[in-house]
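I opened this notebook to record what I looked up in one structure.

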Amino acid sequence: MEIANRLEGIGEYYFSKKLREIDELNKAGKHIINLGIGSPDLPPHPDVIKILLEESIKPNVHSYQSYKGSPVLRKAMADWYKRYYKVELNPDTEILPLIGSKEGIMHICMTYLNKGDEVLVPNPGYPTYRSAVILAGGKCVEYKLREKNNYEPDFDKLEQKKLKKVKMMFVNYPQMPTGQLPTKQLFEKLVAFGKEHNILIIHDNPYSFILNEHPESLLCMEGAKDCVMELNSLSKSHNMAGWRVGMLCGAKERIEEVLRFKSNMDSGMFLPVQLAAAKALTLGKEWHDEVNTVYHKRREIVFELLNLLGCKFSKRQAGLFVWAAIPAGYDDGFAMSDDILLKSGVFITPGGIFGSAGNKYIRVSLCSTIENFEEAIRRIKN
Ligand SMILES: Cc1ncc(COP(=O)(O)O)c(C=O)c1O
C-alpha cells in the first residue's frame with residue numbers, strides 16, 4: 001500500500017526504534033541500562049491513585065466525556081496556574097485539557113497551518129515540533145540555540161530572516177534538551193517578537209517543576225495572551241506520563257479554534273483520570289520538593305558519570321536530563337552513544353536527535369535509580 005505524501009521525511013520516532021533495539025539486546029541477555037528516555041519512574045502521589053480507584057468503581061463514570069474536559073479539572077488547572085505561575089485563566093474559556101501535551105502540538109499545527117506556512121522551530125529541540133509542522137503541511141524554519149548564547153534564540157538573526165510567511169514559533173523553557181532556564185528578559189523579547197511580527201508563540205512548558213525552584217509561565221508577561229499559547233503537562237511534574245494529561249492555555253478565541261479541530265479527533269478523557277489529575281494539581285510545594293530531592297541526588301551521580309566520560313556540562317540545568325558536550329575523540333554524540341552501548345551496555349541519548357546543533361552533545365535522563373547510575377559507572381570504568 002502506498003503511504004500518503006505527508007509522511008515523506010517523517011521517520012518512525014527515534015525512541016520507538018531505539019527501544020526495540022534495546023529490547024532485542026535485553027532478550028539476548030545484555031541487561032542494558034537505559035538512561036535515555038524522560039519518563040518518570042517515581043509514582044504519583046498516593047492520594048491521586050486513591051481518587052482514580054474510588055472514582056473508577058462508580059457505575060456512572062464510564063460514558064463519553066465533554067470535549068472540553070471536566071469543569072473540575074479545568075478549575076484545578078486554573079487554580080494551579082494562579083497558585084504557582086501567578087497567571088489568571090478563565091477555567092471555562094481559556095483552558096483546554098489535553099491527552100498529553102504531545103497531542104496538543106499536533107492539534108495546534110492542524111488548526112493554524114496551511115500548506116507552505118512557515119514555523120520557527122528550535123535546533124536543538126523536541127523533535128515532535130518538526131514532525132507535527134510537516135504532517136500539517138507547514139514548513140520548518142530552524143533557529144539555532146547555542147551554548148554561548150545561553151541557548152536563547154538570537155533575535156538579531158531572527159529579525160534578518162524573511163518572516164512574512166512565519167505564522168508560529170515553538171519555544172520551550174526550561175529547554176529540552178539543554179536544561180536552560182528562562183529569564184524575564186527572554187520572555188519579554190519573545191512576547192515583543194510575537195506581537196511585532198504577528199507570530200503565534202507556542203510555549204511548551206512541561207519541565208518547570210523539575211529541579212527548578214521558581215516555575216515560570218510565558219503567560220505571566222503583560223499582554224501575552226495576544227500572541228502566546230502555552231502547553232503544559234502532568235507527565236513530568238506529577239509523575240503521570242502514562243496517564244496522558246496535559247493542557248493548552250491561552251486566549252478564548254485560540255482555545256475555541258483548537259477545540260474545533262481537536263473535538264473531531266477524540267471523544268474526551270476517562271472521568272476518573274480527570275478527577276485524579278485535578279487532585280494532583282492541588283499538591284503543595286512540599287510534594288514537588290520531595291520529588292526534586294530524589295532528582296538532586298541522582299543528578300550528583302550523573303555529574304560523576306559525565307566526568308568519567310570526559311564530558312563538559314553546566315550544573316545549572318532544569319528538567320529531567322543533564323545535557324553535556326562530548327569529549328574530543330568522538331565524531332559526534334551518535335558515535336559516543338553507540339560506543340557506550342556496545343562496550344558497557346548503557347544507553348545514553350545522542351544530542352543529534354534533537355537537531356544538528358546537538359551533534360556534539362549527549363543527554364542523560366534522571367529517570368533511573370541510584371543503583372542503575374552506580375552500575376553504569378562501574379561498567380564504564382571497567
Ligand atoms: C519538550 C517536551 N514537550 C512535550 C513533551 C510531551 O509530553 P506529554 O507527556 O505531556 O505529551 C515532552 C516529552 O518528552 C517534551 O520533552
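**Basis.** I noted that this is a predicted model, in which local features need pLDDT of at least 70 and side-chain atom pairs count only at pLDDT 80 or more, while totals for chains, interfaces and linings use all residues. Residues are numbered from 1 along each chain as its sequence is written, and side-chain values use heavy atoms, with hydrogens and water left out.

**Ligand.** I looked up the residues around the ligand and found 14, of which Asp204, Tyr207, Ser233, Ser235 and Arg244 come nearest; a residue is listed if one of its heavy atoms lies within 4 Å. This shell divides into five nonpolar, five polar and four charged residues. Here Ala, Val, Leu, Ile, Met, Phe, Trp, Tyr, Cys and Pro count as nonpolar, Asp, Glu, Lys and Arg as charged, and the others, Gly among them, as polar.

I then looked up atom pairs of N or O within 3.5 Å, the cut-off for a polar contact. A polar side-chain atom of Ser233 is 2.7 Å from a ligand oxygen, and one of Lys236 is 2.8 Å from a ligand oxygen. Ser101 contributes a polar backbone atom, 2.8 Å from an oxygen of the ligand. The protein covers 90% of the 400 Å² of accessible area that the ligand has on its own (Shrake-Rupley method, 1.4 Å probe).

**Aromatic pairs.** I found 13 aromatic pairs in the structure; rings of Phe, Tyr and Trp (its six-membered ring) pair if their centres lie within 6.5 Å, and planes over 60 degrees apart count as edge-to-face. Tyr126 and Tyr129 are edge-to-face, with centres 5.6 Å apart and planes at 80 degrees. Tyr207 and Phe321 are also an edge-to-face pair, at 5.9 Å and 65 degrees. This second pair links distant parts of the chain, 114 residues apart: Tyr207 is in the loop between β6 and β7 (228-233), and Phe321 in strand β9 (residues 321-325). Strands are DSSP runs (E) of at least two residues, numbered from the N terminus.

Tyr207 is buried because its relative accessible area is 8%, under the 20% limit (1.4 Å probe, protein chains only). Phe321, at 6%, is likewise buried.

**Ile202.** I placed Ile202 in strand β6 (residues 200-204). Ile202 has 0% relative accessibility and therefore counts as buried. Beyond its neighbours within four places in sequence, Ile202 is in contact (heavy atoms within 4.5 Å) with Ile108, Met168, Met169, Phe170, Val171, Met229 and Leu231.

Terms used. Helix = DSSP H or I, 4+ residues; strand = E, 2+ residues; numbered from the N terminus. Buried < 20%, exposed > 50% of the residue type's maximum accessible area, 1.4 Å probe, protein only. Polar contact = N/O pair within 3.5 Å; in protein donor to acceptor, adjacent residues only side chain to side chain. Phe/Tyr/Trp six-rings, centres within 6.5 Å; stacked < 30°, edge-to-face > 60°.
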